[in-house]
Number of protein chains: 2
Amino acid sequence: MKKINFAIVGATGAVGRKVLEILNEQKDFLPIEDIKLLASDKSAGTKLYFNSKELTVERADSESFNDVDIAIFCAGSDVSIKLAPEAVKKGTIVIDNSSAFRMQKEVPLIIPEVNPDEIKKHKGIIANPNCSTIQMVVALKPIYDLAGIKRIIASTFQSVSGTGIEAVEELKNQSAQIISGQEVECKVYPYQIAFNVLPHIDEFDEMGNTKEELKLINETKKILNDWDINITATAVRVPVIIGHSESVYIETVEKTTVAEVREALSKAPGVIIYDKPSQKQYPLPIDVAGKNEVFVGRIREDISVENGLNLWIVADNLRKGAAYNALQISKYIVENNLV
Amino acid sequence: MKKINFAIVGATGAVGRKVLEILNEQKDFLPIEDIKLLASDKSAGTKLYFNSKELTVERADSESFNDVDIAIFCAGSDVSIKLAPEAVKKGTIVIDNSSAFRMQKEVPLIIPEVNPDEIKKHKGIIANPNCSTIQMVVALKPIYDLAGIKRIIASTFQSVSGTGIEAVEELKNQSAQIISGQEVECKVYPYQIAFNVLPHIDEFDEMGNTKEELKLINETKKILNDWDINITATAVRVPVIIGHSESVYIETVEKTTVAEVREALSKAPGVIIYDKPSQKQYPLPIDVAGKNEVFVGRIREDISVENGLNLWIVADNLRKGAAYNALQISKYIVENNLV
């Protein structure tokens, strides 16, 4: 297998650091010849470790991608829009974690457990789906294959690390401020997030949906390549550090049973069933933090209708929801000699 | 209007204290001649204030209800099952906040904004619905009257004060422990609640539903007196101190519009629309804590289906979800000379 030159754009952010953390944990995950850590002017000069060697983060610009085979972009849409096309010009395959290119027709939107074959169709940029989409679709794909899905109604419980490192600090600071009776400072979120929930992630459109909700709806349809599923969503930020949880109601096309769904999920790649309510066993964000799989519990039939099912889906939003999914795409590229 | 002898059973608990707090805030809410504060052996002797007078909490037993006109029970199902029938024997009207009698056919289950006329049918016990039911049904009743409702899918974000004072302490203690890097102690909940969410409120049944979810389903049907609505729910505990939030999807029988729904809600008693997303205006638990109304925001059409609507419903679970609703029932009884 060819050894690759690898780059992380946004290496000092929450997702960038997680990419490096996973590579340090799993030394043989990718055959890396050389790794380049890139970030904004502000963060250039930061020291980070790869394979016990200290590396200096460099300023990302259009010249950064000479000889880079694969670059994971996790520095936000603005940086991706500016630099991803430049990287592609240099022959780099870009795996983009921002929402900038996800819905473009020629850009594959990939969850390796779900639609890996689409990777081959890339024209330089491959999009990593949104965190809340990835975990939901990993859990729903086996059910989709089993019985079809015609309806999805999702409410999310999303952790602050999805916003970034500064949001994690804000949650911790505000919690300490409230416990000690001090005034609460809000910088990252419009309102206090400690001991509160905010039904507001990303911007609102004219219909009153947030972009986060629309991402979940549209990306799910694109990844499953099924534009007929009727999906609605409510995305909520909760005072959790790492780990997104989702309360997902679905209606299948064909009648199925909880037993059949469990059977399908138990065989599915990247899914762990954690569902013994009588033993108080159900997925929790604090437990899945640090794990690369998607955890599914509270699998229940909704007996009030035909073909209704409830699921509780939890995953580490920085890992499977971002860094790990991007690394799985990288691995697929290398293993299939696409680089 | 007749002056009443009033009692609070469970006066030292989270809801009991809130009943007293509201009566102290609104001196003329009820024409109270005398008030009796009752609790378990353990809490008897506690000093509490009513109208600036210090009162001593007495031990609740079957003799406590001589000359009591109305007693609000908020000490849990065990106490209600034991003492409510005793109180009724003495001629006391019991407003019971526990789940013990709610689904009994001869016991009215009351939200004063929704089904006040049922109060007159009582045979001694009137049940106060569960906190999550009350706020949802207050918000849905105007829509039910406008266009009918055939489907409800609810996910809840419930605060720890619903569990009790000791749960509030646990959340604060655990938050402080985590921030300072200490071990976390779990006494009230089976798992850490700080910086976490628990899809587990009350016990599980064999189908995998919790009693909390079944309460929301069954109580809603009883209060609306409509057993044909198809309801499913997922109840989740979140690290919020006061204020339950609910992500509620509904399907109406008749076609309606967001504008019509807003119009209906704006005229509805006990409901406040707080819904200007472009101005970052939506209900938050930290904002509704201390308020007696139900707040509704994020009112959106689900354009993927016919007659689908999403709502975000937030209320103070100790006030409208418990103490205030029970006091409204008391007020109705007094004003209608039922005592």
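**Close-up views of a predicted two-chain model**

**View 1. Helix α4 of chain B and its cover.** In this predicted model, the cover over the buried residues of α4(B) includes α4 of chain A. The buried residues in question are B:Ala167, B:Glu170, B:Leu171, B:Gln174 and B:Ser175, and they lie on the same side of α4(B) because they cover an arc of only 125° around the axis. An α-helix has 3.6 residues a turn, so residues three or four places apart point the same way.

**View 2. The length of α4(B) and the residue that follows.** Helix α4 of chain B runs over residues 165–179, which makes 15 residues, and from its first C-alpha to its last it reaches 22 Å, close to the 21 Å expected at 1.5 Å a residue. Just after α4(B) comes B:Gly181, whose phi is positive, at about 75°.

**View 3. The contact between chain A and chain B.** Across this interface, 47 residues of chain A are in contact with 47 residues of chain B. On the side of chain A that touches chain B, at least two residues each are supplied by β9 (149–158), α4 (165–179), β10 (230–237), β11 (244–252), α7 (285–288), β13 (294–302) and β14 (308–315) of chain A, and β10(A) gives the most, with 5 residues. Sorted by class, that side of chain A consists of 26 nonpolar, 16 polar and 5 charged residues.

**View 4. The two domains of chain A.** The domain assignment divides chain A into domain 1, which is made of 4–129 + 322–335, and domain 2, which covers 133–317. The centres of these two domains of chain A, taken over C-alpha atoms, are separated by 25 Å. Where the domains meet, 14 residues of domain 1 of chain A are in contact with 17 residues of domain 2 of chain A. Helix α8 of chain A, residues 319–335, gives the most to the side of domain 1 that touches domain 2, with 3 residues, and that side of domain 1 of chain A comprises 8 nonpolar, 4 polar and 2 charged residues.

**View 5. The hairpin of β3 and β4 in chain B.** Strand β3 (residues 47–50) of chain B and strand β4 (residues 53–56) of chain B run antiparallel and are joined by 4 bridges. One of the residues to look for is B:Leu48, whose bridge partner in β4(B) is B:Leu55. The hairpin of β3(B) and β4(B) has 2 residues between the strands, and in this hairpin B:Asn51 takes a positive phi near 50°.

Notes: Residues numbered from 1 in each chain as written. Chains lettered and ligands numbered in written order. Predicted model: local features only at pLDDT ≥ 70, side-chain atom pairs only at ≥ 80, totals over all residues. Contact = placed C-beta atoms within 7 Å. Nonpolar A, V, L, I, M, F, W, Y, C, P; charged D, E, K, R; others polar. Expected span 1.5 Å × (residues − 1). Buried ≥ 20, exposed ≤ 12 C-beta atoms within 10 Å, placed from the backbone. Arc of directions from axis to C-beta. Domains from an automatic or database assignment. Pairing = 2+ DSSP bridges.
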